[in-house]
Amino acid sequence: MYKCALILAAGQGTRIKSDLPKVLHKICGKEMVNHVIDTMRKADIEDINVIVGKGAELVKEKTASRNISYSVQEEQLGTGHAVKCAIDFLKGKKGVVGVFCGDAPLIKAETVNNLFKSHIENNNSATLLSSILEDPTGYGRVVRKDNEVLKIVEHKDCDEKELKIKEMNAAIYCFDIEELVNSLDKLSNNNNQGEYYLTDVIGILKEEGKSVGAVVIDYDETIGVNSRVQLAEAEEILRKRINLKHMINGVTLIDPNSTYIGDDVEIGRDTIIYPGNVIEGNTKIGEGVILYPNSRISNSIISNNVEVQSSVIIDSKIGEKTTVGPFAYIRPESIIGNNARIGDFVEIKKSTIGNNTKVSHLTYIGDASVGENCNFGCGTVVVNYDGSKKHKTIIGNNSFIGCNTNLVSPVKVEDNTYIAAGSTIVNDVKEGELAVARAKQRNIEGWVAKKGLTNK
Ligand code: UD1
Ligand code: CA
C-alpha cells in the first residue's frame, strides 16, 4: 500500500505571540516541524509534503536539508483549507495519506506505524488519533455514539454536553487519499471561527456510511503546542523521554531533571553526566566520558574517556582521554587530539592541537596548527589578527612555549624548539632552537636608597 504524509505548518500561531513561525520554535534543540518530519522518516514514510504559509520562506529554509516537497497556503483559512492547498500533491495518488501537524511534535514513529496499520487492517476511510484528558480545554472533542466515532467538534463550537467530553482529537489522521480529496470540496466554514476545518471530514465520511476508526494513545504523544506554556510542557515530556532512553542504554545521569540532551545526540555507555549540561545538535559522545557540571556541547564529537568541566564546545572534535576545562571555550572547527589538556580559561578557535599537547591555563589559540607533545605556558596568545586579516600559525611537535608568549601570525615554530617566557615571536623558529625575544634584564644597584624610598 502506498503511503505518504502531509504536515500542516502554515498557521499563524497567534497564541504563541512570536515573530517566528510557530512550527520553527524548538523543543530539545530542534524545530517542532523537523521533529515531525524526522519521525515520519523513522516510520519509513518517504513522500512528505509540508504545507507552508506564515513565514513560508523561513520554514522552507529550516527544513531544506530534509528532502521534502511543499505546498503553499497563501491565506490561512483553516486546517481543511490547508489540506486542500496540497491538492496537487494528492491528486492521482491511490493509497493512504497520514496528516500531521507541525505543532504536535511528540508523536513516536511506532505510533505512526500502528496508526497506518490499524487504518489499513480495518479498511477505514479515515482513522484518527485521540487521547483522554482530564482537562481538554482548547482541543477538538471526539463525539462517539455506541462507542463509534461520529464526528469531531471544535472546542469553540461545543455545546455544554460536548464540552464535558474528555477525548481530545490529536489532529493526527490517516485517510484514504481519494476519499479525503472528495470530502474536501464538501467542507464549509459555517462555524464559530469561520474556518474550513479538516476535522469536519470525519463527520462527512461517517454520514456517508464510510468506516472511521480511532486509536487512543497517551497525551504525552499528542500534545499540541499553541502557547509558550505548552512549548515548555512539550519540552519537558521530550526531555524525559530522551533522558530515559540514554539511562536505559547505560548512561548515568546524576540528575535527569537538570540534564538537557537534544533528540539526535548519541552517547556511549558508562558515560556520566552531572547536572547542568546542555548537549545539542548532532553531538556524539563516546564511552566512559565524564561531563562534570555546566557545559554546553553543540554539534561536536567527544571521544571515549574524555573529561569536560564547565566549558563550551561548539562544532569541534575532542580526542580520547583528553581533559577540557574548567572554563574552556572551544570554538568551531577545532580538532583536539588524544590525551591532550585544554585547561582553565583557554580559548581555542579553528585550530588543531596534537596528541599529548598541554594548554593548561589562560591561553588563546586561533587559526593555528599545533603538533604533538607541546607545552603551552600560562598566558600564551596566538596573535592571529592584524586588524584586517587573519593569519595562520604553525607549531611543530615537542615545542615548549614559555609563559606569556605572543606568537604573531603568520609564524612557524618548528619541531623540538623552546621559546623563552615573555617573548613576542615574529620570526620563524627553526628546529632545535631556543628563541628569546624580550628586553635584557638590567639591575641598578642602590636605586631604591638613591630615590629615598628605603623606609617606606
Ligand atoms: C487542531 C484541531 C483540533 C485538535 C488540535 C490538536 C482543527 C480544526 N482542529 O486545533 O481538533 O484538537 O488541533 O492539537 O483542525 N494550520 C495550517 N493552516 C491553517 C490553520 C492551521 O497549516 O489555515 C496548521 C497550523 O500551522 C498547525 C496545525 O495546522 O500546525 C493546527 O492548527 P491550529 O490552529 O493549531 O489548530 P488547533 O486550534 O490547535
Ligand atoms: Ca494546535
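**Loops, ligand and pockets**

Author: The place of Pro410 is in the loop between strand S35 (406-408) and strand S36 (411-413). I begin there with a brief remark on the backbone, and then turn to the ligand. The model is a predicted one. Within that model, the peptide bond that joins Ser409 and Pro410 is cis, with omega at about -5°. A cis bond also leads from Gly325 to Pro326, and its omega is near 0°. Pro326 belongs to the loop between strand S24 (323-324) and strand S25 (329-330). A further loop, between strand S20 (301-302) and strand S21 (307-308), contains Asn305. This residue is not a glycine, yet its phi is positive, near 60°. These features deserve a note because most residues other than glycine have a negative phi, and most peptide bonds are trans.

Now to the part that you asked about. Which residues are closest to ligand 1? The ligand is surrounded by 25 residues, and the closest are Gly11, Gln73, Thr79, Glu154 and Asn169. Here a residue counts as a neighbour if one of its heavy atoms lies within 4 Å of the ligand.

Several polar atoms of the protein can be traced to particular atoms of the ligand. In the side chain of Gln73, an N or O atom is 2.6 Å from a nitrogen atom of ligand 1. Gly78 takes part through its backbone: one of its polar backbone atoms is 2.8 Å from an oxygen atom of the ligand. With Asp103 it is again the side chain, in which a polar atom lies 3.0 Å from an oxygen atom of ligand 1. On its own, ligand 1 has 750 Å² of accessible area, and the protein covers 92% of it.

Where do the surrounding residues come from? At least two residues of the shell are supplied by each of strand S1 (3-9), helix H3 (79-84) and strand S10 (167-176). Strand S10 gives the largest share, three residues. Sorted by class, the shell contains 10 nonpolar, 11 polar and four charged residues.

The ligand sits in the largest pocket, which holds about 1,000 Å³ of space. Its lining comprises 39 residues, and those nearest the centre of the pocket are Arg15, Lys22, Thr79, Asp103 and Asn226. The elements S1, H3 and S10 each give two or more residues to this lining. The classes in the lining are 15 nonpolar, 18 polar and six charged residues.

For comparison, consider the second largest pocket, with about 370 Å³ of space. It is lined by 16 residues, and Lys42, Lys108, Leu238, Arg241 and Asp263 lie nearest its centre. Helix H1 (32-42), helix H5 (109-121) and helix H10 (228-248) each contribute at least two residues to its lining. By class, this lining divides into six nonpolar, two polar and eight charged residues.

Terms used:
Residues numbered from 1 in each chain as written. Chains lettered and ligands numbered in written order. Predicted model: local features only at pLDDT ≥ 70, side-chain atom pairs only at ≥ 80, totals over all residues. Heavy atoms only, no water. Polar contact = N/O pair within 3.5 Å; in protein donor to acceptor, adjacent residues only side chain to side chain. Areas by Shrake-Rupley, 256 points an atom, 1.4 Å probe, with all protein chains shown as cover. 1 Å grid on protein atoms, 1.4 Å probe; cavity = no way out; pocket = protein on both sides within 12 Å on 5 of 7 lines; lining within 4 Å. Sits in = over half its atoms within 2 Å of the grid points. Helix = DSSP H or I, 4+ residues; strand = E, 2+ residues; numbered from the N terminus. Nonpolar A, V, L, I, M, F, W, Y, C, P; charged D, E, K, R; others polar. Points joined across faces, edges and corners; volume = space filled by probe spheres on them.
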